Structure formats: structure tokens, C-alpha cells
Amino acid sequence: MSKMLEEIREQPAALERTLEAERKPIGKLRELLARERPRLIMLVARGTSDNAAQFGRYLLEVTTGIPVSLAAPSIFTLYQAKFNFEGVLVIAISQSGESTDTNLVLERAREQGTRTIGITNESGSTLARLAEHVFLVHAGREKSVAATKTYTGQLLVLYLLAHALGANFAVDDLARLPELAQAALGLEPEIARRAERYRFMDHALVLGRGLNYSNAFEFALKLMETCYVIAERFSSADFLHGPIAMVEASFPAFLFAPAGVTWPGTREMIEKLAALKAETLIISDPSNREAAEFGGRIVSMPMPLDELFTPIPYIIPAQLFAACLAEQKGLNPDQPRTISKVTRTM
């Protein structure tokens with residue numbers, strides 16, 4: 001069994017530890033931010049952490065109404081642009097805490113006295129030393145190059161930060177997430193069977209929207225780095241503006257389909273793909289009764305979910321699929337070719 005698969009299975013416990021350890025510090029930050037509400041939030045990250053940041057953008061804007069920007073670190077590292085951080089809350093996200101360009105943005109923000117927050121799995125990292133407030137993902141050491149438990153841990157901390165910024169949910173509302181993650185792991189036998197069908201897949205598309213848009217990016221990244229599948233990822237809205245032209249019969253398409261405001265557009269997309277005879281696989285849950293009409297093309301969580309809390313349990317079947325497909329292809333997902341665990345770019 002791969003380390004990746006082991007670490008996917010560790011996620012419920014990792015989420016439980018993170019929630020328990022960071023509950024009190026997030027309460028103190030909530031009191032502080034109630035007095036110093038930022039006008040803008042800047043999220044800084046790379047790789048899988050950047051996918052978590054994409055989720056953070058939707059979550060924070062939807063639940064707090066504060067505009068959020070995803071930083072382009074090259075603005076600082078290559079172009080040496082002078083940036084006015086006044087009124088900005090800078091949140092840096094890095095699994096290792098050693099992403100050089102992410103840390104440089106954090107350093108520039110601190111030079112201007114800007115309030116900064118770091119999210120990392122490594123308490124002794126450079127990011128942890130640079131950030132004014134540090135929230136740890138208590139995932140334990142992640143040995144596989146493919147990040148899994150640190151990604152869901154980052155999503156959980158972003159929920160906590162949304163709460164600290166005034167989102168209308170309590171920390172106790174997050175207490176079910178470890179349980180939901182455990183339930184998602186129960187889908188592993190079904191996922192393993194389904195992965196066999198895709199053994200010779202070399203290209204695919206992944207669609208998600210809103211709070212699950214980031215999961216489309218993360219699922220595609222896992223397919224690319226562990227299975228060497230060319231995986232294109234899109235919002236189901238953007239996909240209609242040109243990329244749908246590449247779909248033909250048997251083209252593999254994976255969709256995140258929660259109930260809620262994104263479902264009507266997702267349903268329309270599924271119908272279009274069905275008309276094109278694409279090979280679709282849908283990740284959903286029983287609260288979306290219409291999705292169940294698509295029969296054998298759906299992987300469903302065992303219990304109904306509120307759309308707001310679907311991203312963590314929904315990504316776990318996708319992680320399992322990538323790990324199982326890598327095994328089907330005879331690949332080692334723990335050591336993808338030409339990739340190392342810590343990536344430093346400037």
C-alpha cells in the first residue's frame with residue numbers, strides 16, 4: 001500500500017487534532033479581528049496550497065463579504081513591485097512553510113506592519129517564524145510527495161479563519177467534518193473498483209464550481225502528478241466558453257455536484273456531456289436527489305451534506321481515485337517523476 005493511501009486514511013484523525021488544537025487560538029483572533037476588520041484579504045500560496053487558497057477565496061467572500069485576492073508571488077519576486085498593504089490581511093499557506101516566494105510576500109507585508117497569518121504543517125518552518133499569527137495543520141509528517149491530509153487540514157483552518165472574520169457559523173459546526181471524512185473513506189472499495197475502468201486513461205477533465213471549484217483543481221493535480229494523466233480543470237461555467245469543444249465520445253469527465261446554488265448549472269453540464277456521450281463520473285451526496293437520477297455514474301457520500309461543508313468530504317473520494325488509479329497503472333504515487341516534496345521558486 002502506498003504512503004499516499006495511508007495518509008488519505010489518516011485524515012479524520014488529523015482534522016480532529018487540528019480542530020482541537022486551534023479552537024482556542026482562533027477564538028482570540030476573532031476578538032482581535034472584530035476590532036480590526038480588514039478591507040481586503042490577500043491569500044498567498046503555491047501548488048496544492050494554492051488550490052486550498054482558491055477554496056479560501058470563495059469561502060471568505062461568501063461568508064464574510066470581504067474581498068479576497070489571490071496573490072501572484074512573481075509580482076514581488078521577479079518584478080519587484082512596490083505594493084501598498086494598508087488595510088490588507090495577508091494569509092500565507094504552505095505545507096512545508098519553506099516556499100521561498102510565498103515567504104517573501106509575507107516578509108514584504110511584515111515590513112509594512114501588515115497583519116499576517118500563516119497556515120502550515122511545520123511549526124519550525126520559515127513561514128511559522130515570519131507570520132504574526134500561526135495556525136498549524138496537525139497532520140503529522142506527510143511522507144508522500146502528493147499532498148492529501150495537509151490539503152484538507154488547510155481547508156479546515158480556512159473555515160476557522162472565516163469564523164474568526166465573522167462568518168455565520170460556529171466552531172462547533174465544524175465538529176462533524178472528521179466524521180464526514182471518515183464516512184468518505186468508506187467509499188474506498190467502490191472507488192477502487194471504478195478506477196479499474198480508467199486504467200488506460202491518459203486525458204480527462206474535472207469540473208467544479210463555487211466552493212468546490214478548488215477541488216476540481218486539486219483532483220486534476222492529483223491525476224497529473226500521481227497518474228500522469230493530462231487533466232484539465234474548469235469551472236462548469238467557464239467550460240462552456242470554448243473548452244467543451246474538445247469533448248467527444250468516451251472522453252473522461254469528473255464532476256463535483258453538491259445540492260445548492262451551483263447544482264442547476266452543473267445539471268445542465270452533465271446533460272450536455274451525456275449528449276456528447278462523454279464518460280462521466282459524479283461526486284455528490286443524498287441531499288442532491290436529482291443527481292441520483294444519473295444512476296451508475298455517481299459516487300455518493302452515505303449521508304446528506306450542507307453545500308457549505310462539502311469540500312473536505314468531497315475531495316476524499318477524488319484522492320482515493322487518484323491513489324487507486326496510480327496502482328492500477330503500476331505507478332508509485334509517493335514518488336512522482338521529477339517532483340520533490342518541497343518546491344522552492346522565485
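Colleague: Which residues does F254 touch, once those up to four places away in sequence are not counted?

Modeller: In this predicted model, F254 touches Y198, M201, A204, L205, V206, L207, F219, L223, L281 and F321, where a contact means heavy atoms within 4.5 Å. F254 is also, together with L161, L223 and F321, one of the residues that touch the most other members of the largest nonpolar core, which has 87 residues.

Colleague: What makes that set of 87 residues a nonpolar core?

Modeller: The name requires residues of the nonpolar kinds, including Leu and Phe, that are buried and joined through side-chain atoms within 4.5 Å, and buried means under 20% relative accessible area. In general, nonpolar side chains tend to be buried together in soluble globular proteins.

Colleague: Which helix gives this core its largest share?

Modeller: That is helix α12 (residues 311-328), from which 12 residues of the core come. A second, separate core has 19 residues, among them L255, M269, I270 and A278.

Colleague: Why are α3 and α10 called roughly antiparallel?

Modeller: The axes of helix α3 (residues 47-64) and α10 cross at roughly 165° and come within 8 Å. Angles over 145 degrees count as roughly antiparallel, and the two helices are therefore roughly antiparallel to each other. The crossing in which α3 passes α10 is left-handed, and the residues that meet include G47, T48 and F55 in α3 and Y213, F217 and L221 in α10.

Colleague: What makes β7 and β10 the edge strands of their sheet?

Modeller: The open sheet of 5 strands has the order β7-β6-β8-β9-β10, with parallel pairing, and β7 (230-235) and β10 (298-300) each pair on one side only.

Colleague: What is the pairing between β3 and β4, and over how many bridges?

Modeller: Strand β3 (residues 88-94) and strand β4 (residues 116-120) pair in the parallel sense over 5 bridges, with I93 standing opposite I119 in β4. Both strands belong to an open sheet in the order β2-β1-β3-β4-β5, and helix α7 (residues 149-164) lies across β3, β4 and β5.

Technical notes:
Residues are numbered from 1 along each chain as its sequence is written. This is a predicted model: local features need pLDDT of at least 70, side-chain atom pairs count only at pLDDT 80 or more; totals for chains, interfaces and linings use all residues. Side-chain values use heavy atoms; hydrogens and water are left out. Buried means under 20% relative accessible area, exposed over 50%, partly exposed in between (1.4 Å probe, protein chains only). Helices (H or I, at least four residues) and strands (E, at least two) are DSSP runs, numbered from the N terminus. Two strands pair if DSSP finds at least two bridges between them. Axes are lines fitted to C-alpha atoms, for helices over the stretch in contact, and angles run from 0 to 180 degrees between N-to-C directions. Angles under 35 degrees count as roughly parallel, over 145 as roughly antiparallel, 65 to 115 as roughly perpendicular and the rest as oblique. A crossing is left-handed if the near helix is turned anticlockwise from the far one by less than a right angle, and right-handed if clockwise.
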